[in-house]
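Please consult the sequence and the model shown below while reading.

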Amino acid sequence: MTDCRKTDCQSIAAAVNAGASATVEVEAALARAEADSTNAIIRVYRDTALAAAKAVDARIAAGEQLPLAGVPVVLKDNMCYQDHPVTACSKILAGFTAPYQATAVTKLRDAGAVVIAAANMDEFAMGSSNETSCYGPVSNPVASDRIPGGSSGGSAASVAGGITPLALGSDTGGSIRQPASLCGCLGLKPTYGCVSRYGLLAFGSSLDQIGPFTTTVEDAALVLSVLAGHDKADSTSANRPAPKPGVADQGLAGKRVGWVPAHVEGLQSDVAEALERAKAKAVEAGAELVEISLPHEKYAVAVYYVVATGEASSNLSRYDGVHYGHRTEGAKDLDQVYSRSREEGFGAEVKRRIMLGTYVLSAGYYDAYYKKAMQVRSLICKDFATCFEQCDVILGPTSPTTAFKRGEKTSDPLQMYLSDVFTIAANLAGIPALSVPMGTDSQGLPIGLHLQAPQFADEALLAAAKALMA
Amino acid sequence: MALNEQTVRHVAHLARLDLSDDEVHAMTRELDAIVGYVEQLQEVDTTGVEAVANVAGLVNITRSDEPIEMLSHEQVLRNAPKANGEAFLVPKAVER
């Protein structure tokens with residue numbers, strides 16, 4: 001069976017635009033998805049995928065050229081694909097069929113990409129190890145006893161495991177970048193507002209952003225150029241032109257690369273060494289290294305677990321057992337319909353976060369927690385603004401460790417939350433960030449490095465990544 | 001401040017979660033640890049710092065008040081656990 005790790009999106013699109021069959025490409029990807037042994041794929045859309053592939057072949061035959069012609073893609077199971085199920089890997093959405101479609105999905109399909117399956121994820125994107133899914137955990141494609149990261153674990157495993165050259169994920173506190181790092185592929189969280197969130201099942205609306213998992217930087221840029229742009233259906237989407245496809249060469253020549261000494265403390269030694277190698281590589285590529293500090297970054301996890309859970313408790317109030325999804329049997333009154341349907345439908349981590357979010361927003365605690373967190377969030381934004389006067393990109397680790405073992409952190413929610421210590425600040429500040437593969441540790445587990453850039457400098461971010469991966 | 005079971009039960013009611021006693025015990029312990037961690041925010045001096053509302057700097061996004069195509073009645077009710085073709089069905093909420 002062909003392994004798509006050797007065939008990136010650009011190559012597939014070029015071949016299909018030149019007359020190769022999208023149907024054959026999609027058929028091969030469907031076979032790989034059906035043979036998946038990592039539990040990355042939870043639902044294969046064989047019939048609609050083949051129909052969509054035939055439609056792409058017909059469009060090419062009619063003379064169209066499409067940027068993602070025939071590219072097979074999997075969607076994280078929190079994006080609406082019209083007339084297909086979407087569950088956020090939660091029992092509360094069992095049996096739900098999307099009556100409308102996410103803008104990101106429409107844009108991919110218009111560009112010639114073919115959705116072949118839904119990818120596993122942590123329930124409602126709440127988790128860092130893909131262990132909270134109602135479909136069970138995902139194995140890291142590199143080591144089956146280890147987690148793939150989360151929450152977009154299935155998307156990362158699909159790309160790193162060679163099932164598809166492209167997957168979409170969503171990133172609220174690191175949910176694209178951390179699994180990309182732990183599985184060994186590239187994961188991009190664009191600037192907040194760059195990609196429409198319409199049709200994405202909401203978690204933390206001021207933090208959520210859709211982005212791609214790919215094997216090359218060029219593919220990430222290509223997909224971002226397709227996904228980005230203003231959408232009337234999402235009033236927080238940015239009204240500015242989408243980044244262009246293609247990635248500039250010499251992306252680090254004459255640039256200032258910031259690094260934070262505090263990031264190295266407590267780092268797994270292999271990860272620290274990979275960071276040193278990357279810094280050396282940046283200098284070789286013509287960059288100047290600049291020591292910077294983000295004094296309020298150490299509060300990012302605390303801020304996040306107030307802001308994200310507060311927003312989540314509000315967003316998830318719509319799951320009430322009345323309008324869609326799971327409904328309890330035999331409720332005596334309306335209140336029982338709500339409280340029992342929710343009790344039965346949500347998993348432990350989702351309930352924990354709804355409870356935390358409800359608590360921090362409740363009367364008497366709002367000022368102490370939510371308002372305080374939003375003030376510290378302002379200070380984190382200011383830290384970045386100051387740093388980006390001194391440097392063009394910030395380089396650091398994506399995750400303090402490589403992939404940990406399944407079950408290792410499930411008994412201690414706080415330890416699990418701290419796996420996102422390096423990725424969360426970018427969501428709080430709305431800046432673009434990505435994780436690039438940077439070798440492996442002594443056990444052969446992938447290491448990823450984290451690059452962050454100012455708001456809407458997504459193109460410069462990708463160019464820096466290309467220079468580091470060269 | 002330490003979180004107690006009474007507070008957890010009150011918050012569970014606000015969140016409309018019918019938690020079991022076991023869940024209340026576990027949740028009290030876990031939330032107390034997380035809230036304890038979050039307490040570190042109190043050490044930050046935020047005097048005169050504005051609480052950020054939107055990091056992208058957007059203000060007052062408006063649109064023209066024109067009708068657009070929406071989901072049909074049938075599409076909206078298709079996912080309802082209980083419906084009668086016209087409306088969502090719930091247990092009687094008002095005594096007459």
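In which loop of chain A does Q250(A) lie? In this predicted model, Q250(A) is located in the loop that runs between α7 (217-227) and β7 (256-259) of chain A.

**Residues with positive phi**

- Most residues other than glycine have a negative phi, and most peptide bonds are trans.
- Q250(A) is not a glycine, yet its phi is positive, at about 55°.
- Q250(A) counts as exposed because its relative accessibility is 65%, and the cut-off for exposed is over 50%.
- A88(A), likewise a residue other than glycine, has a positive phi near 55°.
- A88(A) belongs to the loop between β2 (72-76) and α4 (103-110) of chain A.
- A88(A) counts as buried because its relative accessibility is 0%, and the cut-off for buried is under 20%.

**Cis peptide bond**

- The peptide bond between G150(A) and S151(A) is cis, with omega at about 10°.
- S151(A) is found in the loop between β3 (114-119) and α5 (153-160) of chain A.

**Pairing of β7(A)**

- β7(A) runs parallel to strand β8 (residues 288-291) of chain A, and four bridges join the two.
- The chain passes from β7(A) to β8(A) by way of helix α8 (residues 269-284) in a right-handed β-α-β crossover.
- Within this pairing, W259(A) stands opposite E291(A) of β8(A).
- β7(A) also pairs in the parallel sense with strand β9 (residues 393-397) of chain A, over two bridges.
- In β9(A), V393(A) is the residue opposite V257(A).

Methods
Residues are numbered from 1 along each chain as its sequence is written. Chains are lettered from A and ligands numbered from 1 in the order in which they are written. This is a predicted model: local features need pLDDT of at least 70, side-chain atom pairs count only at pLDDT 80 or more; totals for chains, interfaces and linings use all residues. Side-chain values use heavy atoms; hydrogens and water are left out. Buried means under 20% relative accessible area, exposed over 50%, partly exposed in between (1.4 Å probe, protein chains only). Two strands pair if DSSP finds at least two bridges between them. A crossover is right-handed if, with the strands pointing away from the viewer, the path from the first strand over the helix to the second runs clockwise.
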